[in-house]
Amino acid sequence: MPTAPRVAFFATCLADFVFPDIAGNAVLLLEQAGCQVIFNPRQTCCGQPLINAGFHAEAFRTAALQIDVLLEDEADFVVCPSGSCALQIRKYADLFSDKPALAAKARHLAAKTFELTDFLVNVMGLTDFGARLAGKAVYHPSCHMTRMLGVKDPPLALLDKVEGLQLVRCKGQERCCGFGGLFAVKLGALSGAMAREKVENILETGARFLIGADAGCLMHLEGVIRREKYPLTVYHITQVLMQGR
């Protein structure tokens with residue numbers, strides 16, 4: 001691109017309140033990619049928990065605010081380090097079927113909203129950030145990001161360029177980890193069993209690292225790992241791409 005693209009960065013709730021290093025690393029990666037990063041402090045939740053819980057009126061208000069905030073700075077792109085949240089923004093227009101003006105703004109926002117790895121690889125054309133991390137790793141392909149948003153290859157392309165990292169597959173790699181937001185709350189026993197199965201499958205490979213691109217899934221799986229004191233280190237992909245630099 002001839003000029004630095006202006007990117008409105010959407011931190012997401014989990015990165016903002018639980019994993020601030022994910023947000024910080026994402027901004028550094030965007031800047032390294034040559035982007036001018038804009039952060040609007042008025043941004044809020046994408047509204048996915050409200051929608052999934054059936055609080056549609058509240059979700060409507062949240063989405064309307066988020067649309068205005070993310071479009072306010074007239075950035076070229078909107079980028080967030082979560083496929084789940086990017087997917088929700090892409091689906092905002094569904095909430096405004098009876099409000100054409102808002103639906104049009106939602107479609108405009110959706111067209112320029114990207115999950116971070118998708119943006120780095122498919123928009124900016126970058127895969128190598130000079131990262132180094134020695135050891136065997138399993139990548140967890142989270143459901144919303146891969147099955148619904150369709151972002152499958154970009155994280156793998158980025159991880160393939162990490163010096164010393166050996167990616168291996170585990171049994172049932174594409175299966176859900178059991179998080180699913182409210183699913184983990186409403187069906188805790190089933191959710192926990194799914195997470196344990198996933199972690200045990202990863203351990204069978206002899207991997208040292210579990211890597212993913214959605215903080216919610218990683219938080220869920222790391223809960224099992226910490227409780228059982230399993231020898232696995234959990235990384236969001238933004239943390240991996242900043243290793244050894």
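The largest cavity has a volume of about 30 Å³, a volume being the space filled by probe spheres set on the points, which are joined across faces, edges and corners. Two or more of its lining residues come from each of β1 (6-9) and α4 (56-72); helices (H or I, at least four residues) and strands (E, at least two) are DSSP runs numbered from the N terminus. Lining residues have an atom within 4 Å of a point, and here they include Phe-9, Phe-39 and Leu-70.

## The largest pocket

A pocket is an open set of points with protein on both sides within 12 Å along at least five of seven lines. The largest pocket has a volume of about 660 Å³. Of its 29 lining residues, Leu-14, Gln-48, Ser-84, Phe-179 and Gly-181 lie nearest the centre. Which helix gives the most to this lining? That is α12, with four residues.

## The second largest pocket

The second largest pocket has a volume of about 260 Å³. Among the residues that line this pocket are Tyr-139, Arg-147, Lys-152 and Glu-174.

## About the model

Residues are numbered from 1 along each chain as its sequence is written, and side-chain values use heavy atoms, leaving out hydrogens and water. As this is a predicted model, local features need pLDDT of at least 70 and side-chain atom pairs count only at pLDDT 80 or more, while totals for chains, interfaces and linings use all residues.

Definitions and conventions:
1 Å grid on protein atoms, 1.4 Å probe; cavity = no way out; pocket = protein on both sides within 12 Å on 5 of 7 lines; lining within 4 Å.
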